[in-house]
Amino acid sequence: MVEAVQDAGVVVTGAGGGIGAALARRFAAEGARVVVNDLDARRAEAVAEEIGGIAVPGDASAIVGEARDALGGTVDVYCANAGVAFEDGGDGGPLDERSWAAAWDVNVMAHVRAAHELLPDWLERGGGRFVSTVSAAGLLTMIGAPSYSVTKHGAHAFAEWLSLTYRHRGLKVHAICPQGVRTDMLTATGSAGDLVLRPTAIEPDAVADALFQGIAEDRFLILPHPEVAEYYQARAATPDRWLAGMNHLQRKWEAAR
């Protein structure tokens, strides 16, 4: 058991399935009191019933107050897990503005809005934990998914900012950055995901395991696929070589299509 989460009030957004459901189950198994959020009320209620949690369905950007009340007035851990992804479609161009707006709102602004609601209490208490499900696309970039890649970079940048700004005031921040995970979102990545992500895809429970190991070790960056660290280093050290390699993947994807 991880002592840091025993009896903690935990909120997990996008927890009706996939990574979110795995996180909710693991927090509950570790002795936390868990609010399960999802846009799909039936899925949220099913997971909450399974783990003995509390379902608070709705838009992840607007449920902090209701979730706090459901937990008796205090949120100790907030998992900003809800996310959306769209496939390019194969023409090499950017997506329509509505898709970009949706990705920005869910993948970045929902995190910002939640932190805005949570920080006053956390800073007053001198403690709190913010968990951001970012994706390896937020450290690297995913072919065929411009809005997803760009907004996940934004989610990672915001998590970094929270950590460097408030860690001396007791805030713990974790950025989870897996590659492929066997969820509905992997299916949403389409043929690009089939090429790049599916061969090494892991189960959602493995992501939860990586997070809890990171919590125990007090680490910011959570890499369920350890090889992502090497890719991240290569991207920083030799960007042109890294971009050439990614362009090779792009051309391979285009040829396959």
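## Basis of the description

Because the model is predicted, local features are given only where pLDDT is at least 70 and side-chain atom pairs count only at pLDDT 80 or more, while totals for chains, interfaces and linings use all residues. Residues are numbered from 1 along each chain as its sequence is written, and side-chain values use heavy atoms, with hydrogens and water left out.

Helices (H or I, at least four residues) and strands (E, at least two) are DSSP runs, numbered from the N terminus.

## Nonpolar cores

The largest nonpolar core holds 46 residues, and those with the most contacts inside it are Val-11, Tyr-78, Phe-130 and Leu-162. Two or more residues of this core come from each of α3 (64–70), β4 (77–80), α4 (97–125), α5, β6 (171–176) and α10. Another core, of 32 residues, lies apart from it and includes Ala-22, Ala-32, Val-36 and Ile-202. A core here is a set of buried Ala, Val, Leu, Ile, Met, Phe, Trp, Tyr and Cys residues joined through side-chain atoms within 4.5 Å; buried means under 20% relative accessible area, exposed over 50%, and partly exposed in between, with a 1.4 Å probe and protein chains only. In soluble globular proteins, nonpolar side chains tend to be buried together.

Leu-162 is placed in helix α5 and counts as buried because its relative accessibility is 1%. Setting aside residues up to four places away in sequence, Leu-162 touches Ala-115, Leu-119, Phe-130, Arg-167, Leu-171 and Val-173, where contact means heavy atoms within 4.5 Å. Between Leu-162 and His-174, which are 12 residues apart in sequence, the C-alpha to C-alpha distance is 9.9 Å.

## Tyr-78 and the aromatic pairs

With residues up to four places away in sequence again left out, Tyr-78 touches Val-11, Thr-13, Ala-60, Ile-63, Val-64, Ala-114, Leu-118, Trp-122, Arg-129, Phe-130 and Val-131. Both Tyr-78 and Phe-130 are buried.

The structure holds 4 aromatic pairs. In one of these, Tyr-78 and Phe-130 are stacked, at 5.9 Å centre to centre and with 20 degrees between the planes; this pair links distant parts of the chain, with Tyr-78 in strand β4 and Phe-130 in strand β5, 52 residues apart. Rings of Phe, Tyr and Trp (its six-membered ring) pair if their centres lie within 6.5 Å, and planes under 30 degrees apart count as stacked, over 60 as edge-to-face and the rest as tilted. Phe-158, Trp-161 and Tyr-166 form one aromatic cluster.

A search of the whole structure finds 1 cavity of 30 Å³ or more, and the largest cavity has a volume of about 40 Å³. On a 1 Å grid over the protein atoms alone, a cavity is a set of points where a 1.4 Å probe fits but cannot get out, whereas a pocket is an open set with protein on both sides within 12 Å along at least five of seven lines, and lining residues have an atom within 4 Å of a point. Grid points are joined across faces, edges and corners, and a volume is the space filled by probe spheres set on the points. The largest cavity is lined by Thr-13, Ala-60, Tyr-78, Ala-80, Asn-81, Ala-82, Val-106, Ala-110 and His-111, and α4 gives the most to this lining, with 3 residues. Val-106, in helix α4, is partly exposed, with a relative accessible area of 24%.

The second largest pocket contains about 230 Å³ of space and is lined by 14 residues, of which Thr-141, Met-142, Ile-143, Gly-144 and Gln-250 lie nearest its centre. At least two lining residues come from each of α5 (146–166) and α10 (239–256), with α10 supplying the largest share, 5 residues.

## Positive phi values

Two residues other than glycine have positive phi values: Asp-7, near 65 degrees, and Ser-135, near 100 degrees.
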